[in-house]
Amino acid sequence: MYGTGALAVLGLEQAKSVGLPVILAGRNSSRVVELAGTMDIDYRVSELNGDLRPLMDGIAGVINLAGPYVKTARPLMDACLNSGVHYVDASNEFQVHKTAWSLSDHARSRGVAMVTGAGMGTWFSELLVNELVRSLGRTPDSATLLTLPSGARLKSAGVAASHNVVLSSPGISFQAGREHSVRGVARIRELPVWGGHPSGVIIATGDAMALYRSSNIPNITTMAAIDMDTALLKEAFPSLAAKANQAAVYRPIIESPGLKPIPEFDRVRVKLMAEVVSSDGRSLRGRLLAGSGTVAAAEVAVATALLVSDREFAGTYTAFQILGEYPPLHMTRPSIELLD
């Protein structure tokens, strides 16, 4: 398992609880040594800008839980392909998903499974949209996904950097099955009836790619809800995006090996809303409720790695294509509510 932040801590605990043998690896030597000692597991220290063959020695696969994934994913993907071992990460950064799918044929030829987005995103998103499509009972023409604010006040360095990468990058949507870039204030949408959130910003998340790959819906838009008046947001957005771009780097911070999500944010809350529209104009909305996204991400990543290692998968997959609707292990399936 590569990473030493809050998500990696939970991932290590989850792996140990289900008997998945793991070796810890990461960039920060003192943090790796400290965390490995706390967890009583073996470790390897490795930057990602050199020879990664020693990192791959004697392992079946890599679970990458170190963000921002635009910095960590490609070196680890290439090392996995070269060594013939599986790759799983929890990224929700569009470019990482695009890279993984561009390598699918290579991965298949090497007998390697690659699953990016095996976290809260994108499995939650795929789960919600799949349920809406099934309940609509018609051929879907478009899907819109809205990610709601988490309310979390504490993020690890990697998670914070990943969020800033998404906000500062041009938005991405799919139109008639083709990738479409949306820039500047054109990314901002007014949301008059979306659960009290007045505005949305089109974002470049892996959700768009994962939904396109697992559902074949030709028109997909993914947005982040913003609790700000749309006109004010358009004025402030250039400055917000510039600040996010400056912050979109990994800055290591000192974290306790026992760091957990803040308890008040473990309570169940609405995480996602979505709307699916059929080719004849029928529509259906729904929302997904769950507890801690960090806990869910760790559980989904480990569950995905277990299935990938136990079965013969080769090529690139979405989390939903591996897990389906009911993942293994003891994680609680999020609840989905259909809306009128």
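Helices α1 and α2 cross with a right-handed sense. The model is predicted. The axes of α1 (residues 6-17) and α2 (residues 29-39) come within 11 Å, and the crossing angle is roughly 30 degrees. Angles under 35 degrees count as roughly parallel, so α1 and α2 are roughly parallel to each other.

Which residues of α1 and α2 make the contact? On the α1 side they are Val9, Leu12, Glu13 and Lys16. On the α2 side they are Arg31, Leu35 and Met39. Four of these contact residues are nonpolar and three are charged, with no polar ones.

From α4, the residues Tyr69, Val70, Ala73, Arg74 and Met77 take part. They meet Gln95, Val96, Thr99 and Ala100 of α5. This contact of α4 with α5 has six nonpolar residues, two polar and one charged.

The two pairs, side by side:

| Helix pair | Axis distance | Crossing angle |
|---|---|---|
| α1 and α2 | within 11 Å | roughly 30 degrees |

Now the whole protein. Its secondary structure comprises twelve helices and 15 strands. The protein has 340 residues, and 53% of them count as buried. Take the contacts between residues at least 6 apart in sequence: 73% join residues at least 24 apart. The accessible surface is about 14800 Å², and carbon and sulfur atoms account for 50% of that surface.

Terms used
Residues are numbered from 1 along each chain as its sequence is written. This is a predicted model: local features need pLDDT of at least 70, side-chain atom pairs count only at pLDDT 80 or more; totals for chains, interfaces and linings use all residues. Side-chain values use heavy atoms; hydrogens and water are left out. Axes are lines fitted to C-alpha atoms, for helices over the stretch in contact, and angles run from 0 to 180 degrees between N-to-C directions. Helices (H or I, at least four residues) and strands (E, at least two) are DSSP runs, numbered from the N terminus. Angles under 35 degrees count as roughly parallel, over 145 as roughly antiparallel, 65 to 115 as roughly perpendicular and the rest as oblique. A crossing is left-handed if the near helix is turned anticlockwise from the far one by less than a right angle, and right-handed if clockwise. Contact means heavy atoms within 4.5 Å. Ala, Val, Leu, Ile, Met, Phe, Trp, Tyr, Cys and Pro count as nonpolar, Asp, Glu, Lys and Arg as charged, and the others, Gly among them, as polar. Buried means under 20% relative accessible area, exposed over 50%, partly exposed in between (1.4 Å probe, protein chains only). Accessible areas come from the Shrake-Rupley method with a 1.4 Å probe; for residues, only the protein chains shown count as cover.
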